[in-house]
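Hi everyone, thanks for coming. Let me put the structure up, and then we'll walk through one part of it together.

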Amino acid sequence: MKNITATTRIMLLLVITILMGIAYHGEAIACPQVNMYLAQCLPYLKAGGNPSPMCCNGLNSLKAAAPAKSDRQVACNCLKSVANTIPGINDDYAKQLPAKCGVNIGVPFSKTVDCNR
């Protein structure tokens, strides 16, 4: 398992996310859904520049799926966990993502954020 490439990890994460998203359909937001919405943002989160339209669409979808404070807190914890698990994610790029997409979802993007606030 040590020799798994970053691409393989991302693909595995996407497959798990899709499968778990199906299982959670109709319930409160869960990490697999959050991951699925923002999977297209990984290139931006690692290299910066401008996020893709698919990334920003995912961010808009996340906003629509997390209208309640409790949903946003779950999303925040999910994002924080992923940011600290996937190597190469730049915290400064993560913090800039909502503004670059023109979407205020009320969830801070940071590896160190306190999601309970």
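**A helix and its neighbours**

Let's start with the N-terminal end of α6, which is capped by asparagine 90: one of its side-chain oxygens lies 2.8 Å from the backbone nitrogen of aspartate 92. Before going on, a word of care: this is a predicted model, where local features need pLDDT of at least 70, side-chain atom pairs count only at pLDDT 80 or more, and totals for chains, interfaces and linings use all residues. Residues are numbered from 1 along each chain as its sequence is written, and side-chain values use heavy atoms, leaving out hydrogens and water.

Helices here are DSSP runs of H or I, at least four residues, numbered from the N terminus. α6 covers residues 91-101, and its buried residues (under 20% relative accessible area, 1.4 Å probe, protein chains only) are Asp91, Ala94, Leu97, Pro98 and Cys101. They span an arc of only 110 degrees around the axis, taken from the directions from the helix axis to the C-beta atoms, so they sit on the same side of α6. What do they pack against? Their partners are α3 (42-47) and α4 (53-65), with contact meaning heavy atoms within 4.5 Å. After α6 comes glycine 102, with a positive phi near 70 degrees.

Now the rings. Searching the whole structure gives one aromatic pair (ring centres within 6.5 Å). Tyrosine 44 and tyrosine 93 have ring centres 5.9 Å apart and planes at 50 degrees, so the pair is tilted, the class between stacked (under 30 degrees) and edge-to-face (over 60). This pair links distant parts of the chain, with tyrosine 44 in α3 and tyrosine 93 in α6, 49 residues apart.

Conventions
Buried means under 20% relative accessible area, exposed over 50%, partly exposed in between (1.4 Å probe, protein chains only). Helices (H or I, at least four residues) and strands (E, at least two) are DSSP runs, numbered from the N terminus. A polar contact is a pair of N or O atoms within 3.5 Å; within protein, one must be able to donate a hydrogen and the other to accept it, and residues adjacent in sequence count only if both atoms are side-chain atoms. Rings of Phe, Tyr and Trp (its six-membered ring) pair if their centres lie within 6.5 Å; planes under 30 degrees apart count as stacked, over 60 as edge-to-face and the rest as tilted.
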